[in-house]
Amino acid sequence: MNISNAYSEVTPAVPSWLNKGDNAWQMTASTLVAIQSMPGLVILYASIVKKKWAVNSAFMALYAFAAVLICWVLLCYRMAFGDELLPFWGKGAPALGQKYLVARAKVPESTHVSDGKSKTVEPYYAMATLVYFQFTFAAITLILLAGSVLGRMNIKAWMAFVPLWLIFSYTVGAFSLWGGGFLYQWGAIDYSGGFVIHLSSGISGLTAAYWVGPRLKSDRERFPPNNVLLMLAGAGLLWMGWSGFNGGAPYAANIDASIAVLNTNISAATSLLVWTTLDVIFFGKPSVIGAVQGMMTGLACITPGAGLVQSWAAIIFGFLSGSIPWVSMMVLHKKSTLLQQVDDTLGVFHTHAVAGLLGGLLTGLLAEPDLCELVLPKKTRGAFYGGNGGVQFLKQMAAASFVIAWNIASTTIILLAIRLFIPLRMPEEQLVIGDDAVHGEEAYALWGDGEKYDPTNHHGQDIAPSPYGIGARGVTINL
């Protein structure tokens, strides 16, 4: 039996610079992150919404995943990680050529400064691996953003919005913080996407929700999940996939990846428990939807510092991410006129923008110097460790401010431009019917929209709404 040259030590398929372990882990991490979107968020979105929006919600995620990949390889990868065009933007170009993809990966965001000269750090695998890995991050960002506009955004407007937002918003944040842009050079930290992904998706989602407009009044008042158990399956894929999300950030199968994976799961578990405890204290019962929200905030919060903080600090991240976003969603939301008026369907602002911002600022406080030295290009420490750590916290604040401002402005301009040609909100007749009117398809051949069936009353049984009747965010609590 002939043995393929792929198994030889050094061949054209296995060049001397290729580390098979690093390459295998990076492709595994890429697949884990992709599974978070497909099928993770597709399942979660389809099941957490009212039955009449299950197909539309799932399709918005499915479309975004496919559209982002094609835009990514045609133009956007090199806008985010290529040569500098502006201090916050790279030069767009295709990432499809064989010569380009089989060459050793180059990571502009890992430019080390030594003796006044910079050099590019090259991971031990091909550029094709890196291009796909970074695509999965771009895709999930847009899918997270979609959670803010489920249940009413015109699907044609969404199809136009996805490539435009990827080009004019996502690539700017990615290049500025990861691709060697001005925030990276300045020393702002975003280990795996607290600002680039979570803060961006949450702020842009809230902005998009404002411009698109609200759901029908009946949907805002009652929006029960159509399948809580299936929602848990989607949430489980999201949580388990996060090991690739943060574990792949060092671009190698090294000890920092191990720290990042452990910290990610510690933070998520802590946050889920804290959120559930608060639900029990103030609402008298634990909520499955609330537990999922707490899981998400814990994952989003640890992301900007997963491989840079000690594991005891991951518990702090989890405790604060299980409490501060809870307060913003369940208390401050009811007291804020703006947040009440803007219909953020799944509360993406709270679970991702608030949690991502919190994590980025905590990283500025708790980044451990020795862990930072494993992956960052210059000596860095959080304020907790003295030295110039206080300056690092201020850099985190400045980076967050830039991301917030850019996403508000870019999302607004994109949607106003689309509105000139396509209505952003579905027509009333589609809003009333849902999936069947929009797609000609329905998720289930079942009765009702999640109400408890009462055989004596075919209009359903009125029951007290959960504080997590998605869209009707919580109750006012006097703390």
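Which ring does the charged end of R78 sit over? The legends below start there.

**View 1. R78 and R215 each sit over an aromatic ring.** The charged end of R78 is placed over the ring of Y100, 4.4 Å from its centre. R215 lies over the face of F223, again with 4.4 Å to the ring centre. Here, a charge over a ring means NZ of Lys or CZ of Arg within 6 Å of the ring centre and within 35 degrees of the ring normal. This is a predicted model, where local features need pLDDT of at least 70 and side-chain atom pairs pLDDT 80 or more, while totals for chains, interfaces and linings use all residues. Residues are numbered from 1 along each chain as its sequence is written, and side-chain values use heavy atoms, leaving out hydrogens and water.

**View 2. Ring pairs build an aromatic cluster.** Look for F88, W89, F168, F182, F402 and W406, which are linked by ring pairs (Phe, Tyr or six-membered Trp rings with centres within 6.5 Å). A search of the whole structure gives 23 aromatic pairs.

**View 3. I70 belongs to a nonpolar surface patch.** Together, I70, L74, L75 and L96 make a patch of about 350 Å². Areas come from the Shrake-Rupley method with a 1.4 Å probe. I70 lies in helix α2, residues 54-81 (helices are DSSP runs of H or I, at least four residues). With a relative accessible area of 49%, I70 is partly exposed, that is, between buried (under 20%) and exposed (over 50%).

Conventions:
Patches are made of residues with over 30% relative accessible area and no salt bridge: like charges are joined within 9 Å, nonpolar side chains (Val, Leu, Ile, Met, Phe, Trp, Tyr) within 5 Å. A salt bridge is a side-chain nitrogen of Lys or Arg within 4 Å of a carboxyl oxygen of Asp or Glu. Helices (H or I, at least four residues) and strands (E, at least two) are DSSP runs, numbered from the N terminus. Buried means under 20% relative accessible area, exposed over 50%, partly exposed in between (1.4 Å probe, protein chains only). Rings of Phe, Tyr and Trp (its six-membered ring) pair if their centres lie within 6.5 Å; planes under 30 degrees apart count as stacked, over 60 as edge-to-face and the rest as tilted.
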